[in-house]
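I opened this entry to write down what I looked up, one place at a time, with the sequence and the model side by side.

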Amino acid sequence: MYKVGITGGIGSGKTTVCKVFEVLGIPVFYADTAAKEIMCKDALLVEGIKSAFGNESYFEDGKLNNKHIAGIVFNNEDALAKLNALVHPAVFRAFDTWEAVIPPSTPYTLKEAALLFESGSYKMCDTTILVTAPYEIKMKRVMLRDGVTAAQVKARMDKQLSDEEKSKMANHFIINDEQESIIEQVLALHQEFLKAAEEYKS
Ligand code: ATP
């Protein structure tokens, strides 16, 4: 099936944009939500995390010990790379499982991932969208949504590739600056993807 990857910096509004595609009947795989789920459910991944970061990575009830993991990977690039090398392939497997039960009449699917480019996940997509918004707007949105400080948002932003870097790799763009209508932009892209998906099938 034709696959569209969608990403954007923290607070850019990629989830909001995905909701519009969902209204159009396009199924969306939320990679970040899936990653959180499979960290407790995917046996191979759980074993990998335990052997890399210790049995204390999980509580007795099987829940992830976020504090333990965060304590190890925070400001430790090697440990973070090790965690990502375990989690990303597991998310790819979860996507394949999810896609296998999508009705064949579905024209295309959307894969939303904050680290679409950083994880290499974009290579498995037929095309990609980058959602962008001005820095100040992204900052304001995340502070409001998560009740965090500007410094905390900045620390999270600094861990992601810049929009400039991502835009070199993206095929399509949605500007979510609260001036331009995201609905109109989604509708235009939807038409494009319907055509591309038709060509892909034939
Ligand atoms: P994250 O990477 O942190 O998950 P995101 O890119 O998925 O963020 P959203 O969660 O979609 O971003 O949006 C962040 C916040 O901004 C949400 O509270 C959302 O309701 C709000 N928001 C997004 N787009 C708009 C918009 N066009 N107008 C008003 N509010 C918006």
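Predicted model: local features only at pLDDT ≥ 70, side-chain atom pairs only at ≥ 80, totals over all residues.

**Ala 114.** I began with Ala 114, which sits in the loop between S3 and S4. Is Ala 114 buried or exposed? A residue is buried if 20 or more other C-beta atoms lie within 10 Å of its own, and Ala 114 is therefore buried, with 21 such atoms. Leaving aside its neighbours within four places in sequence, I found Ala 114 in contact with Thr 7, Asp 32 and Gln 160. I also checked Val 91, which is 23 residues from Ala 114 along the chain, and the C-alpha atoms of the two are separated by 13 Å.

**Domains.** I then looked up how the chain is divided, and found domain 1 (1–27 + 109–202) and domain 2 (33–101). The contact between them takes 5 residues from domain 1 and 5 residues from domain 2, and on the side of domain 1 that touches domain 2 I noted 2 nonpolar, 2 polar and 1 charged. The C-alpha centres of domain 1 and domain 2 lie 24 Å apart.

**The annotated binding site.** The UniProt record, an unreviewed entry, carries a "binding site" annotation that covers Gly 11, Ser 12, Gly 13, Lys 14, Thr 15 and Thr 16. I looked at two of these residues: Thr 15 is placed in helix H1 (residues 14–23), and Thr 16 is also placed in helix H1. Thr 15 counts as partly exposed because it has 16 C-beta neighbours inside 10 Å, and Thr 16 counts as partly exposed with 14.

**Helix H9.** Next I followed helix H9 (residues 182–201), whose 20 residues should span 28 Å at 1.5 Å a residue, and I noted that its end C-alpha atoms are 28 Å apart, which agrees. Which residues of H9 are buried? I listed Val 186, Leu 189, Phe 193 and Ala 197. They cover an arc of only 80 degrees around the axis, so they lie on the same side of H9. I reminded myself that an α-helix has 3.6 residues a turn, so residues three or four places apart point the same way. The buried residues of H9 pack against strand S1 (2–8), H1, strand S3 (108–112), strand S4 (127–132) and strand S5 (172–175). On the face of H9 turned away from its buried side I found the exposed residues Glu 184, Ala 188, Gln 191, Lys 195, Glu 198 and Glu 199.

**Helix H6.** Helix H6 (residues 135–146) has 12 residues and reaches 16 Å from its first C-alpha to its last, close to the 16 Å expected at 1.5 Å a residue. Just after H6, Gly 147 takes a positive phi of about 60 degrees.

**Positive phi outside glycine.** I closed with two further backbone angles. Asn 75 is not a glycine, yet has a positive phi of about 60 degrees; Asn 75 is placed in the loop between helix H4 (66–73) and helix H5 (77–100), and is exposed, with 8 other C-beta atoms within 10 Å. Glu 178, also a residue other than glycine, has a positive phi near 70 degrees. I located Glu 178 in the loop between S5 and H9, where Glu 178 counts as exposed because it has 12 C-beta neighbours inside 10 Å.

Conventions
Residues numbered from 1 in each chain as written. UniProt positions renumbered as here; feature names shortened; annotations may be inferred. Helix = DSSP H or I, 4+ residues; strand = E, 2+ residues; numbered from the N terminus. Domains from an automatic or database assignment. Contact = placed C-beta atoms within 7 Å. Nonpolar A, V, L, I, M, F, W, Y, C, P; charged D, E, K, R; others polar. Expected span 1.5 Å × (residues − 1). Arc of directions from axis to C-beta.
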